[in-house]
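Hi everyone, thanks for coming along. Let me put the sequence and the structure up on the screen, and then we can walk through a few helices together.

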Amino acid sequence: MYGFFQKLAAEFLGTFAIVFIGAGAICADRYLQLQSQTSFGLVGVALAYGIGVAAMVTAFAHVSGGHLNPAITIGLWVTRRLDTLQSIFYCLSQLLGAIAAAYLLAAIVPESAWAPAGLGTPDLAPDVTRWRGMVLAGVMAAVIVIVYFATVLDERGAFGKLGGVAVGFAVIADVFFGAPFVGASAANPARAFGTALASRHWHNHGVFWIGPLLGGIIAAVIYDRLFLGEQPPA
């Protein structure tokens, strides 16, 4: 068994890593464009972010559960699989990890690479309204939460200890269809907050809290009620 502070450290480190990798990939792509080199585009960003999430969730699932996303944490809280105090501190640890990663990126990556993209902070495409953005971000988060519940939380999940790999696949899929409209990190409020704070890019920021949290709650309740009846909350 791991202690409470060890669990918080796992959430901090895991979120730090996925923000550093995910936002860093966007900065690297922009830097390659500035240098007139071949950039890796949406495919590279999606793979970097998704593989990073897969690695970190798998690495820390046995310590803290490997949430690394407030949408997952709140989903577990709503379904009474995580108590209130633990949920609050998990979310705070995730936010601090995201903030630390974003400020470190801003300190070490050339400003010309991160400033134009706001460190990869999510925002709405010009023709996407806020309510549509919230729905899209909510669906993206719901996909991740459903996969997390089915593979990491559900004892009968096919992936077992490698459930984080499935969560990473879900993130990759989300980025492919959601990034052009709401940004690559729209499904993770901590990831959005960390880069928004470091880059001071707050445009439509509420969309990336309301949408993912509502989507995560709905997905968590659906999976809990339909499939986890035999695994009651601890």
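How many residues does helix α2 have, and how far does α2 reach from its first C-alpha to its last? Helix α2, residues 41-60, has 20 residues and reaches 29 Å, close to the 28 Å expected at 1.5 Å a residue. The expected span here is 1.5 Å times one less than the number of residues. Helices, by the way, are DSSP runs of H or I with at least four residues, numbered from the N terminus.

A word on where this comes from: this is a predicted model, in which local features need pLDDT of at least 70, side-chain atom pairs count only at pLDDT 80 or more, and totals for chains, interfaces and linings use all residues. Residues are numbered from 1 along each chain as its sequence is written, and side-chain values use heavy atoms, with hydrogens and water left out.

Back to α2. Its buried residues (under 20% relative accessible area with a 1.4 Å probe, protein chains only; exposed is over 50%, and partly exposed is in between) include G44, V45, A46, Y49 and G50. Helices α1, α6, α7 and α8 are among the elements covering them.

Now please look at α6, residues 130-153, and α9, residues 207-227. These two pack at an angle of about 40°, with their axes 6 Å apart. Axes are lines fitted to C-alpha atoms over the stretch in contact, and angles run from 0 to 180 degrees between N-to-C directions. That makes α6 oblique to α9; angles under 35 degrees count as roughly parallel, over 145 as roughly antiparallel, 65 to 115 as roughly perpendicular, and the rest as oblique. The crossing of α6 and α9 is right-handed, with the near helix turned clockwise from the far one by less than a right angle.

Who makes the contact, meaning heavy atoms within 4.5 Å? From α6 we have, among others, G133, A137, A141 and V145, and α9 brings residues including G211, G215, A219 and Y223. By class, this contact has 14 nonpolar, five polar and one charged residues. For the classes, Ala, Val, Leu, Ile, Met, Phe, Trp, Tyr, Cys and Pro count as nonpolar, Asp, Glu, Lys and Arg as charged, and the others, Gly among them, as polar.

Helix α9 has 21 residues, which should span 30 Å, and its end C-alpha atoms are 29 Å apart, which agrees. Its buried residues, including F208, P212 and D224, pack against α3, α6, α7 and α8.

Another pair to find is α1, residues 4-34, with α8. Their angle is about 65°, their axes are 10 Å apart, and this crossing is right-handed. T15, V19, G22, A23 and I26 of α1 meet A190, R191 and T195 of α8.

Let's finish in the loops. Most residues other than glycine have a negative phi. S36, in the loop between α1 and α2, has a positive phi near 60° and is exposed, at 71% relative accessible area. R200, in the loop between α8 and α9, also has a positive phi, about 60°, and counts as exposed at 74%.

Terms used: Contact = heavy atoms within 4.5 Å.
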